Amino acid sequence: MNFLERIKKDYVEVSDLVIKPINGITIVYLETLADQDKINDYILKIIPKSKIPKDIKNLVPSPNVKDIKTYESLTSFLDTGFTIIFNDKQIIAVETKSNLNRSIDTPSTEASLYGPKESLVENYQTNLGLIKRRIKSSKLKNTQSYIGKYTKTMCSILYIKGVVKSELVNSTIEKINGINVDGITDVGELKPYLVNDKKNVFPGIKITERPDVIANALLNGKIIILLDNSPYALILPTFLADFINPMSDKYTKPAIVNFIKILRLVCFFIAIFVPAFYVAVTTINQETIPTSLLINLQNQRMDVPFPAVMECVITLIICEILRESDIRFPSSYGSAISILGALILGEAAVSAGIVSPIMIIVASITFISSMIFTDVEIIDALRYWRFISLFIAAIFGLYGVGISIILLFINLCNYDIDGKSYLYPITPFDLTYLKETLIKMKNNKRSKLLSNNRIKGRL
């Protein structure tokens, strides 16, 4: 059975398949993926009415023409918008993809006051172009593969040769080639196959939509994974310091940025342990706070029928519901509804005696502190540890808060990212990468753990 007959058999119930014989040749395409104007300009207008040459490839003015040798490559090109031309024993694929992409927009999840205002889109070629506009070097390499039995999604690994460690590239390629699933349509589905983070709620891979973040990661010796049809990219490897230090810090003066970095670290612990501390000092360790403040707290809680831990859990759950609704509502009115809901529910809860005013303050400080981080996965991890520390503190008091802090650090120290500690550059200590993340200082070297070439500016 020849290829044309196999297409007719395999695509028998595909309504958008077009098979058109013209002057001794046959063209085949999917009209929902192919551009009719390109088919007309690249193929129909150049087909001679008399004798068809044996090598029709030389007549086609398309910038991308491929020879077809196997049936698998034929279906792959056909399913991605190419037009297939059958001419005697010659089969070629002409790129006639329809433009189904949106234009480049501003970042929606990683907003920045300064810096570029471009974000990735669903088109792989456009995303690759945005990156190559920033890194103009032949050392920027990318290897491609296809993932998914049915989706055949194109996956590309980007790295700078001579900067990145070859072991990282090889291990990542091996992991991707070992994926055997029906389909992957977004980078979020790809993450579990690259990092084993089932025992840890903190994210092991950073997802970004900003080309400048990608370029900075490549220059530091990391690798980038792009997936066709996905407006996000994956950065490997990633550590905790990368999540709490956004790219926007590079566009501000060091003195100001370093203060903000310290503030983020403080907010990291506030977002986790403030509710636990409140429960501990109001229920078990009341002797640790001044008597006047204790009397004030007890007067506020006099009409509350629940213990402090139950009051705290109820308030935090309501706040989480408001946050989830804010994320999923359209941006035009989602925040307004959340603010209105928080004001009404908070005032009504205090008036009804369900929660105390101090609990509203504690919940507000907790959630405002968590919102300083832009990555949703980090916020979710803070939420997870917030409830763990809360329940431990309800049993052991301030000792429980201390136990929670120790458990948190044990969990982070045991987290392994491609053989590297999640708390890098603190452990193992690396002053070079510390200057790139937790402290903004003049730095002309790359991390020794991530890169073979430590001197910046020389490949």
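Ile 406 is found in helix H15. This is a predicted model. Ile 406 counts as exposed because its relative accessibility is 53%, and the cut-off for exposed is over 50%.

Ile 406 is one of the residues of a nonpolar surface patch of about 740 Å². H15 provides the largest share, five residues.

## An open sheet with a helix on it

Five strands make up an open sheet, and their order is E6-E7-E9-E10-E8. The pairing in this sheet is antiparallel. Strand E6 (140-147) and strand E8 (206-208) are the edge strands, and each of them pairs on one side only. On average, neighbouring strands of the sheet are turned by 25° against each other, direction ignored.

Helix H7 (residues 211-219) packs on this sheet and touches E6, E7, E8, E9 and strand E10 (233-236). The direction of H7 makes about 55° with that of E7. Within the sheet, strand E7 (residues 153-160) pairs with strand E9 (residues 223-227) over four bridges, in the antiparallel sense. Leu 158 has Ile 224 in E9 as its bridge partner.

## Salt bridges

Side chains of opposite charge can pair when their charged atoms come close. The count of salt bridges in this model is 15. One of them joins the side chains of Lys 261 and Asp 249, at 3.0 Å from N to O. Lys 261 lies in helix H9 (residues 254-283) and Asp 249 in the loop between helix H8 (240-243) and H9, so this pair ties together parts that are twelve residues apart in sequence. Lys 261 counts as buried because its relative accessibility is 5%, and Asp 249 counts as buried at 6%.

Lys 250 and Glu 436 form another salt bridge, with their closest N and O atoms 3.3 Å apart. This pair links distant parts of the chain, 186 residues apart: Lys 250 is in the loop between H8 and H9, and Glu 436 is in helix H16. Lys 250 is partly exposed, with 36% relative accessibility, whereas Glu 436 is buried, with a relative accessible area of 17%.

A salt bridge also joins the side chains of Glu 320 and Arg 383, at 2.9 Å from N to O. Glu 320 is in helix H11 (residues 308-328) and Arg 383 is in helix H14, so the pair links distant parts of the chain, 63 residues apart. Glu 320 counts as buried at 8% relative accessibility. Glu 320 and Arg 383 belong to a network of salt bridges that also includes Arg 323, Asp 380 and Arg 386.

## Backbone details

Two cis peptide bonds are described here. One joins Tyr 424 and Pro 425, with omega about 15°. The bond from Thr 427 to Pro 428 is cis as well, with omega near -5°. Pro 425 is placed in the loop between strand E12 (420-421) and helix H16 (431-436), and Pro 428 is in the loop between E12 and H16 too.

Asn 23 is not a glycine, yet its phi is positive, about 50°. Asn 23 lies in the loop between strand E1 (17-22) and strand E2 (25-30) and is partly exposed, with a relative accessible area of 40%. Asn 229 has a positive phi near 75°. Asn 229 is found in the loop between E9 and E10.

Notes. Residues numbered from 1 in each chain as written. Predicted model: local features only at pLDDT ≥ 70, side-chain atom pairs only at ≥ 80, totals over all residues. Heavy atoms only, no water. Pairing = 2+ DSSP bridges. Helix = DSSP H or I, 4+ residues; strand = E, 2+ residues; numbered from the N terminus. Axes fitted to C-alpha atoms, helices over the stretch in contact; angles between N-to-C directions. Contact = heavy atoms within 4.5 Å. Patch = residues over 30% accessible without salt bridge, like charges linked within 9 Å, V, L, I, M, F, W, Y side chains within 5 Å. Areas by Shrake-Rupley, 256 points an atom, 1.4 Å probe, with all protein chains shown as cover. Salt bridge = Lys/Arg side-chain N within 4 Å of Asp/Glu carboxyl O. Buried < 20%, exposed > 50% of the residue type's maximum accessible area, 1.4 Å probe, protein only.
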